[in-house]
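Let's take a friendly walk through a protein model together. Please have the sequence and the 3D view ready, and turn the view as you read.

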Amino acid sequence: MQAGALAAEPPARAPAPGLLLGSPPVSPPGDRGALPGVSSVMWYVSTRGMAPRVDFEGALFSGYAPDGGLYMPEELPQLDRETLRQWSTLSYPDLVKELCALFIGPQLISRDDLTGLVDRAFSRFRHKEVVHLSRLRNGLNVLELWHGVTYAFKDLSLGCTAQFLQRFLEKRKQRVTVVGRLPPSSHPGTSGDTGSAAIESVHGAKNVDIIVLLPKGHCTRIQELQMTTVLRENVHVFGAGCIAQKMGLPIHLAVVVNCNDIIHRTVQRGDFSLSGAVKPTLASAMDIQVPYNMERIFWLLSGSDSQGTRALMEQFERTQSVSLPEELHSKLSEAVASESVSDETITQTMSRCWEENRYLLCPHSAVAVSYHYQQTDRQQPSPPRCCLAPASAAKFPEAVLAAGLTPETPPEILALERKEARCVAMRKGDDWTLMLRDTIESLSRQRVISS
């Protein structure tokens, strides 16, 4: 989701960030465990195959693997039809508990404790369902992922992540500093939605300090205010559908992006290469050059081929351009459809959805819904689709106005304008590494004094 919007539909036949300071536990030699879902241990391996496997706690504290790869489950649990039928009646929080139990394991977090952590993660959501499905006209369904504190989907995952992190830190009697990731792209820092959700997720966390890098000029005014007006002692602001499909969920996937189209080019032509520059669009959270989760998808679709994935990614890091092997490209294009849309299409989609449903989309949600409209205009009748809505339109009043519509701004967001902001400027030419190091060392000294 970090780089595109998803539209999912039932198939005719089901197909078979941050730097955390801490050391990950690794698996004992020869301890292979049983099948995931049965074993008490779920192991995680690097997509590049040169790092020791770790458990969930180890993966959480590592971020990237030591070999530069990303962690993935060594084996994916397989969900049979009966399990899916039973889970179909669960609430969203209860579904999260079932999935987390599979991917964490009771030896790390007991089921009772897991229930408490997940409930706490979602306790500040505005909607009683946490995630709400709006059923609109002509087979369009919009899954609203934005009912958390920051009105964006990152509240869902980061809320749980922060609870797990705090739990393990309390057990270790440690405190850590989380630093917003510097992506290898032309505008480093967090997306507007990730940064604010990360800040809110550690609300009240006694063992976590957070430093977020704010990409000045690449966020909306509301996103910037959400990051800079949270004046808490532990906040310091500097300026996967494929897995579910592999586990047995009977869906077709479509990933839709704006004109920053590296994912679309990869799916359509096997062209995983950087374009000249990031183009600013109305769907700003998709304005990226390097969709890092593609490495996980390459590994997953290649049958866990770590050597091949490592070769692909190392070539990409050297040359910023890779042509996917024919077999991998074929599997990718079978697993997911793709499309790229313009700002004009985004505003037209927002306008059409309002006219037909009196439903206001954010520009990123409109990217996904545009695919539904494209398909329904071509094919009648069209199958029902579920489009993931990653953020509320309230966060993007400029895009709403561009679509000729009237923004609807909740009181919580209006109140941001009246709050004090705190932000340390990091200018071009400054030694950002030194600034971050000094801040982390200062935090460490403050901890020593307070203890």
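Predicted model: local features only at pLDDT ≥ 70, side-chain atom pairs only at ≥ 80, totals over all residues.

Two packed helices are described by the angle between their axes and the distance between the axes. Find helix 3, residues 92-104, and helix 4, residues 111-121. Their axes are 10 Å apart, and the packing angle is about 130°. That angle makes helix 3 oblique to helix 4. The crossing of helix 3 past helix 4 is right-handed.

Which residues make this meeting between helix 3 and helix 4? On the helix 3 side they are Pro93, Val96, Lys97, Glu98, Cys100, Ala101 and Ile104. On the helix 4 side you will find Arg111, Leu114, Thr115, Val118 and Asp119. Sorted by class, the residues of this contact are 7 nonpolar, 1 polar and 4 charged.

Leaving aside neighbours within four places in sequence, Lys97 is in contact with Arg111, Leu114, Thr115, Val118 and Asp119.

Now follow helix 4 to another partner, helix 5, which covers residues 154-172. Here the angle is about 135° and the axes are 8 Å apart. Helix 4 and helix 5 are therefore oblique to each other, and helix 4 passes helix 5 in a right-handed crossing. From helix 4, the residues in this contact are Asp113, Leu114, Leu117, Arg120 and Ala121. From helix 5, they are Gly159, Cys160, Gln163, Phe164 and Arg167. By class, this contact has 5 nonpolar, 2 polar and 3 charged residues. Look for Leu114 in both contacts: Leu114 meets helix 3, and Leu114 also meets helix 5.

Next, turn to helix 10, residues 294-301. How many of its residues are buried? The count is 7 of the 8, so helix 10 is largely enclosed by the rest of the structure. The buried residues are Met294, Glu295, Ile297, Phe298, Trp299, Leu300 and Leu301. After helix 10 comes Gly303, with a positive phi near 75°.

You can find Arg48 in the loop between strand 3 (44-46) and helix 1 (56-62). With a relative accessible area of 3%, Arg48 is buried.

Tyr64 sits in the loop between helix 1 and strand 4 (71-73). Tyr64 and Ser46 are 18 residues apart along the chain, and their C-alpha atoms are separated by 8.5 Å. You can look at another such pair in Ser323 and Leu312, which are 11 residues apart along the chain and have C-alpha atoms separated by 8.6 Å. Ser323 lies in strand 12 and is exposed, at 62% relative accessibility.

Let's turn to the backbone. Most residues other than glycine have a negative phi, and most peptide bonds are trans. Gln320 is not a glycine, yet it has a positive phi of about 60°. Gln320 is in the loop between helix 11 (306-319) and strand 12 (321-323), and at 45% relative accessibility Gln320 counts as partly exposed. Arg358, also not a glycine, has a positive phi of about 55°. Arg358 lies in the loop between helix 13 (343-357) and helix 14 (363-378), and is exposed at 55% relative accessibility.

Our final stop is the cysteines. A disulfide is a covalent bond between the sulfur atoms of two cysteines. How many disulfides does the structure hold? The number is 0. Cys242 is buried at 11% relative accessibility, and Cys362 is buried with a relative accessible area of 1%.

Terms used. Residues numbered from 1 in each chain as written. Heavy atoms only, no water. Axes fitted to C-alpha atoms, helices over the stretch in contact; angles between N-to-C directions. Helix = DSSP H or I, 4+ residues; strand = E, 2+ residues; numbered from the N terminus. Parallel < 35°, antiparallel > 145°, perpendicular 65-115°, else oblique. Left-handed = near helix turned anticlockwise from the far one by under 90°. Contact = heavy atoms within 4.5 Å. Nonpolar A, V, L, I, M, F, W, Y, C, P; charged D, E, K, R; others polar. Disulfide = S-S within 2.5 Å. Buried < 20%, exposed > 50% of the residue type's maximum accessible area, 1.4 Å probe, protein only.
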